Structure formats: structure tokens, C-alpha cells
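User: I would like a close look at one part of this model, followed by a connected account of some other sites. Please keep the account to what can be read from the coordinates and the record.

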Amino acid sequence: MIRRLVIFGGTGDLAGRYLLPGLAALHETGRLSSEFEVVCADRKGHGDEQFREWAATQLDQHAPDISGDTRQAILTAARYRQADIGDPAQVADTIAGAGPVAVYLALPPALFATAIRTLHAAQLPSGSRLVFEKPFGEDLGSARELNRLLADLVPEQAVFRVDHFLAMTTVQNLLGSRLANRVLESLWNSAHIAEVEIVWDETLTLEDRAGYYDHVGALEDMVQNHLLQLLCLVAMEPPITLSERDLRDRKVDILRSIRTLTDEDIRRCTRRARYSAGVIGDRHVPAYTDEPGVDPRRRTETFTEIHLTIDNWRWAGTDFVLRTGKALAADRKEVAIHFRPVPHMPFGHHGTAAPNVLRFGLDPENLTLALTAIGADVDTLVPVTMTARIEPPGLPAYGRLLLDVLLGNPALSIRGDEAEEAWRVVTPIISAWSRDLVPLDDYPAGSLGPTGTRR
């Protein structure tokens, strides 16, 4: 196991909200050695005392249930270095030490190429690993260029293009439910499934993230990585094993099978919108364009819905709907499998049966199956819902991802060709939207989304 983690962007929101709590969870479960150290680096010039106060505040806020011993151990293991990711001398000094190091680039995608070149010039120690937070690149061309630069620096198996969705308990159970239950796998095709919805709707607004979000929007922030990853797990062929090669080969097969959208397809099959002023619960929310740091000229979307077609034997005729939105009336985070209706109903006019729906709740984590049964009267049909609560994970998602990085297990990270294929899917949409082929609608904050969206 690697015993040194260097986080560039080490005092940002990602480090404070997820990475330090993830490390605390690893320590709490006995997975970090007493020799482990984490270096948080950025350009701000914090003093050691100021940095530790910041780190303590982050742990108290985002990992309040950890023990006092774990809290102190993480604060003791953490130290701060001022370093510019574009300066090879400063980076070399930051990563210096005995043995390999895991370098986590908690930075904007625009800095990834600079970071790779700098790490090359700084002579990254042999056996080191690199971690990239999403999205990997800014478009297909930049993703290809990043992969080319990485090939000259480290082996592919040392590159971790992480997506914390893949480490979520329900996402893991999606695979388990599919592949370990014959009754489901035998129905897992277009003959029985009419539609798959992959949804991440949230009441959360911009929350002071304009510096990042206003440059990417909902399509690149959520669809290009998170939701397409979920689509891969839903639609892929059963892998031989869950090893990194077998699992990632099957995911790439699905991405390659997604039909490339024409301009006419994009007009018909995609939607985009952004929230205007409204009320969510008891909160008055300003319009997205009035949020601090937002440039209205970018026409950044906060809502998108796209329909994709998979051109293979298993899924011909099934509609895949990917949807995400901010500042909506309610949180809805799930994968919903909509089965086709039964071919014949012998119950006459005494009842109707809605098609069965299997829902994998992502947050909160649960599993729900909507069925139809006989009611009090013999000829009356009533809906029946069966819900199973998913046991909470032993590690939070970022704890699991960090453990995989330190152990060198890339199965839940994204391979280089996989990252490129994901960009291939969304690049025509980005191009069409930049030419305004699809109107940018508005929806009031606290609403169900733009008019005509489904729930």
C-alpha cells in the first residue's frame, strides 16, 4: 500500500468535504498505517497552524461521527505545502520522499495537462499513481491529449480517473441484483424492458460553485461521467469476472454501442434549461444568472434530459433516459427500470395494472419493486410496492476510492479509452447546443423542472 498522498488543490471544497473525511473513515476502520501521511498543497500560502485549523473544521463538519483518536491522527498525518502545479521545482519539493506517492489532482480540468507535464519534469517517483477528479478533460480532443501525455509518464494501471458514483453501495448492488439473480438477468433485455431512467434531480442549488460549474453545466458535470457510468452498469453484458479488465471491457462495449446523435436527433431527444428565481421549501432562491460568479453570457444549463439508443442485440428498442437538474422541488436520485406491460389482461374493466418498475435508489440507498396484486375484491387490481433498505456501507464512496488508489486496484476507475468514448457520446450535443439548435428553457426554482418533463 502506498503511504503518501499528495492532494493538489488540497484546501478546496473536494479535499475538505470528501477526501479528508474519506481518509478518516479509512483510519477508523484500521486501513491506514501509523506511517501514512497526506500533503495538502495549493498556492494560498497557509501557515501550518492555519491549515490544521481549516482541516479540523472540515472534519468536524463533514465527518462528525469519527472518534477523537481518528480526528487527531488525521490532523497529525496532514501537513501543508505551498506549491504551484505549474512550477516543477515546487512540485518536486512537494512530492519528494521515500518511495512512490499517490498524487490526487483536485483541480479544474483545464489544469490537468499542465499538471502532467509538471509532474514529468519533477520526476515523479517510479511506482506512483495519479488520480484525476471528474471530468477528465474538457472535450474529446483534450481527453485524447491527456491520455497521450499520461502514456509518457505512468502505465495505464497507475491512472485513476475516479467517479465516486461507482463506489456507492446501491451502484454496487445494481450489479449484484442483475448478475446474481437469474429471475432478473433473464428479463434484462428489450423484450421485457421498455425504458431505463437514470435520474439525479436535486433541490441543491449552485452553492457557491460558480467557479467550476458555470464552465461545465449539467451535461458535462453529471451526464458525461456519472450518468453514463450508471448506464454502462445497467446495460453492459455480464463480465467474466469483476476484475478491472473484464469489467471495464464490458463498459467500453456499451459506450461504443451508443448511437451517435445527429443534429435532428439532438433537437428531438435532448432538452436543456436553467433555473430562475423561486422558492424551495422555505428558501427564496435567486435565479441562476444572479448567483455570485455566474456569467449569463455562457448560457450554462442547470437541467438536462437526453434520450439515448443502444445499437446492440440486447437493447434494440429500449429508450435510455438520462436526466439531471438543480434547484428542483424534490430530490430524486435513482435508476428506474420500466418493464413492458403484460400482453393480455383478463380482468376486464375492474382494474388496470401499471407496468412493473424496479427502482435502485441512489440517495437514500434502497431497492423498490412496483407490482400489481388482487385487492379485497377478486376482480380488483391494486398496486403493491416492495421496498428493501440497503445496509449502509462500511466505507463512504470516497473512502472506497481512496483505498483502491492506495492499494492499486483500478477496477472502479475509468480507463483511458472509456473516458474518450464518453466524450464521443456528448460531443455532438455540446456542438449543437453551442449553435443554439436546442432552446435554453427556464424553470422556476422549486418546480418540477421545465414544462413537459416527466417525474
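At what angle do the axes of helix H2 and helix H3 cross?

Analyst: The model is a predicted one. In it, the axes of helix H2 (residues 48-62) and helix H3 (residues 68-77) cross at roughly 145 degrees and come within 10 Å. The crossing of H2 past H3 is right-handed. On the H2 side the contact is formed by Arg-52, Ala-55, Ala-56, Leu-59 and Asp-60, and on the H3 side by Arg-71, Ile-74, Leu-75 and Thr-76. By residue class, this contact holds five nonpolar, one polar and three charged residues.

Next, the annotated positions. An unreviewed UniProt entry gives the feature "binding site" at His-164, Glu-202, Asp-221 and Lys-326.

Glu-202 sits in the loop that runs between strand S7 (193-201) and helix H9 (210-213). Its relative accessible area is 10%, so Glu-202 is buried, the cut-off being under 20%. Leaving aside residues up to four places away in sequence, Glu-202 touches Gly-325, Lys-326, Ala-327, Leu-328, Ala-330, Asp-331 and Lys-333. The side chain of Glu-202 also has a polar contact of 3.4 Å with the side chain of Trp-200.

Lys-326 is likewise a loop residue, placed between strand S12 (319-325) and strand S13 (332-339). With a relative accessible area of 5%, Lys-326 is buried. The side chains of Lys-326 and Glu-202 are joined by a polar contact of 2.9 Å. Beyond residues up to four places away in sequence, Lys-326 touches Glu-202, Leu-204, Thr-205, Arg-209, Tyr-213, Tyr-275, Thr-302 and Tyr-443.

Ser-413 counts as buried because its relative accessibility is 4%. Two polar partners can be named for the side chain of Ser-413. One is the side chain of Arg-248, in a polar contact of 3.2 Å. The other is the backbone oxygen of Pro-410, which lies 2.9 Å from a polar atom of the Ser-413 side chain. Not counting residues up to four places away in sequence, Ser-413 touches Val-159, Phe-160, Arg-161, Arg-248, Lys-251 and Glu-418.

Methods: Residues are numbered from 1 along each chain as its sequence is written. This is a predicted model: local features need pLDDT of at least 70, side-chain atom pairs count only at pLDDT 80 or more; totals for chains, interfaces and linings use all residues. Side-chain values use heavy atoms; hydrogens and water are left out. Buried means under 20% relative accessible area, exposed over 50%, partly exposed in between (1.4 Å probe, protein chains only). A polar contact is a pair of N or O atoms within 3.5 Å; within protein, one must be able to donate a hydrogen and the other to accept it, and residues adjacent in sequence count only if both atoms are side-chain atoms. Contact means heavy atoms within 4.5 Å. Axes are lines fitted to C-alpha atoms, for helices over the stretch in contact, and angles run from 0 to 180 degrees between N-to-C directions. Helices (H or I, at least four residues) and strands (E, at least two) are DSSP runs, numbered from the N terminus. A crossing is left-handed if the near helix is turned anticlockwise from the far one by less than a right angle, and right-handed if clockwise. Ala, Val, Leu, Ile, Met, Phe, Trp, Tyr, Cys and Pro count as nonpolar, Asp, Glu, Lys and Arg as charged, and the others, Gly among them, as polar. UniProt positions are given in the numbering used here, feature names are shortened, and annotations may be inferred rather than shown by experiment.
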